[in-house]
Amino acid sequence: MAAMKRYLPLLFCAWASASAQGAPQAPTAANSAAPMPVIRQNGAVKQMMVDGKPFLMLAGELHNSSASSIEYMKPIWKKLEAMNLNTVIGTASWELVEPQEGKFDFVLVDDQIHQARANHMRLVLIWFGTWKNANASYAPLWVKKDYQRFPRVRSRDGAAREELTPLAEASLAADARAFRALMRHIRAVDPQHTVIMMQVENETGKTGDSRDRSPLAEAAWNKPVPSELMNYLSENKARLLPELTRVWGASGFKTSGTWPEVFGTDAWADEVFMAWYVGRYVGKVAEAGKAELPIPMYANAWLVQNDTQLPGGYPSGGPVSRMHDIWRAAAPGLDLLAPDIYLPDFKGVCASYTRSGNPLFIPEARASVPNLFWALGNHAALGYSPFGIESLPQDTPLAAAYQTLGSMMPVITRYQAEGKVAAVVQETPEQRNQAISTGGYKLSFSFGGGGRGPAPAQGQAPAQGFALVINTAPDDFVLAGQGFSLTAAPETPGPRIAGFGTIDEGRYERGVWLPGRRLNGDESGGGSRASLRGPGVGVLKIKLYRYE
Ligand code: DGJ
């Protein structure tokens, strides 16, 4: 029955016919429209604004196929709410949204909106359109079968692949039309903006070769580089990322000519060509959607896996960090470019994605509480979203961390805007000590069992210590984290010794501090240190003072 319903060719008002008992419920419209979600500069950082207020997406991404069945999803929604998510990354696939050309079915989208709302969460929807992991598996069958109208990429050997070439205007027009219909529908059923952001396509680019060699691509390759790109590069020459400067500089920064004349003929030149055409395609799809509902939109990337990998080993033309300048020129309609981080160097990927002002959002990652803290504390990440969230146990450590961070959200976002939030994260067991400078003090953290603070209960020592550090006023700090103790030393002129005036444990509820014990004596190392040794993520308020 559910499968049959899925394929009913319903036009825009899919939910109206589905309101019978037991059928998926349509989202109910609020009386008045809420402010449009937007990413904007707020003081020192860019923030996601939801209902007019800064919002951290404490999220999780569903497995690819989960949201294709309302039945399958039923028990999952409650579980995700119980895991303290405030945002779910769900899916809308082209094959299910437009099973026949021009006939749209939004039942599955409606159900996700309805369920997210009923379970007090927001939604980000992935548009599985032309690209899904550098392939076109989510294109509807009517697209896949019509390979004359929707031509495929070709590799060096001339063989066609399932992926559509980004150079075919007919494919772009069809994808953009479907995405626009989706956004028009969301605008109609979601005035309260349960859907706060869209991911346009998924892990774009071409694998197996550094460049598309289809007839359309070959023709474009031997034509002049479009003047929009040449102008963008010339105007931003001093600000370009070093990787692109290297590729463009290899042929002497030419400002006109064919692709091989301007960028050369190696795999890096091929990647620039692909990034322009893939970025342009995704940007135009995003623009079509924004014409209906201008909520934030982003593109995500399958990352370069190691330093020796060439474009084509990873999807050539996707929004990897080295191609951000090209994507920015090609897709001005996108708000950010996002990394799917499965690599061990989480810190390095975050740093590479925040070069040149790209706001950080991590739509896919492994569930790691220390990494979550790192992204929020040091990069003001808009959100963090482990992949396959419904497979995690409900009592995953991430759930407790989301609860703590969710209740602190007004505090974190306020001080992020003031530039007063940082994080320390231990990456390896050997890395036992780290220090940061903040608020006129050097805060020295020791992780693991060291220090004179109370030892963790047996079996409860976290593998990695981590802390979010918020400088809320002169001498005042809020620390959230686990598995550390810290000492403080002044770094500004004045008395040379820092002492702990007060140390309070406690928690936040909706941004309001609720103190617990005042920690002193054995629990404060005799007044010389503050500790959070678990179990679970804890919160401390400390007041420092100085003497000599
Ligand atoms: C990356 C993709 O973007 C996801 O949709 C999913 O397939 C994961 N890989 C699986 O690890």
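Rings of Phe, Tyr and Trp (for Trp, the six-membered ring) count as a pair if their centres lie within 6.5 Å. Keep that in mind for the opening stop, and remember that you're looking at a predicted model.

**Stop one: the rings.** Select Trp-94, Trp-127, Trp-142, Phe-150 and Phe-179 and show their side chains: ring pairs join them into a cluster. Across the structure, the count of aromatic pairs comes to 21.

**Stop two: lysines over tryptophans.** Step along to Lys-347 and you'll find it over the face of Trp-374, 4.2 Å from the ring centre. Then jump to Lys-237, whose charged end sits over the ring of Trp-248, 5.8 Å from the centre.

**Stop three: salt bridges.** There are 24 of them in the whole structure. Start with Arg-149 and Glu-101, where the closest N and O atoms are 2.7 Å apart. Arg-149 is in the loop between α5 (141–145) and β7 (152–154) and Glu-101 in the loop between α3 (94–97) and α4 (107–118), so the bridge ties together parts 48 residues apart in sequence. Arg-149 is partly exposed at 33%, and Glu-101 is partly exposed at 38%.

Now select Arg-117 and Asp-190, a salt bridge with its closest N and O atoms 2.6 Å apart. Arg-117 sits in helix α4, while Asp-190 is in the loop between α6 (169–189) and β9 (195–202), 73 residues away. Buried or exposed, Arg-117? Its relative accessible area is 19%, and buried means under 20%, so Arg-117 counts as buried. Asp-190 is buried at 1%.

Next, bring up Arg-156, Asp-209, Arg-211, Arg-213, Glu-218 and Asp-270, which salt bridges link into a network. Within it, Asp-209 and Arg-156 have their closest N and O atoms 4.0 Å apart. Asp-209 is buried at 7%, whereas Arg-156 is exposed at 62%.

**Last stop: Ser-66.** Look in the loop between β4 (57–61) and α2 (70–82). Ser-66 is buried, at 3%, and its side chain makes a 2.5 Å polar contact with the side chain of Glu-390. Leaving aside residues up to four places away in sequence, Ser-66 touches Tyr-72, Met-73 and Glu-390.

Notes: Residues are numbered from 1 along each chain as its sequence is written. This is a predicted model: local features need pLDDT of at least 70, side-chain atom pairs count only at pLDDT 80 or more; totals for chains, interfaces and linings use all residues. Side-chain values use heavy atoms; hydrogens and water are left out. Helices (H or I, at least four residues) and strands (E, at least two) are DSSP runs, numbered from the N terminus. Buried means under 20% relative accessible area, exposed over 50%, partly exposed in between (1.4 Å probe, protein chains only). A polar contact is a pair of N or O atoms within 3.5 Å; within protein, one must be able to donate a hydrogen and the other to accept it, and residues adjacent in sequence count only if both atoms are side-chain atoms. Contact means heavy atoms within 4.5 Å. Rings of Phe, Tyr and Trp (its six-membered ring) pair if their centres lie within 6.5 Å; planes under 30 degrees apart count as stacked, over 60 as edge-to-face and the rest as tilted. A charge sits over a ring if NZ of Lys or CZ of Arg is within 6 Å of the ring centre and within 35 degrees of the ring normal. A salt bridge is a side-chain nitrogen of Lys or Arg within 4 Å of a carboxyl oxygen of Asp or Glu.
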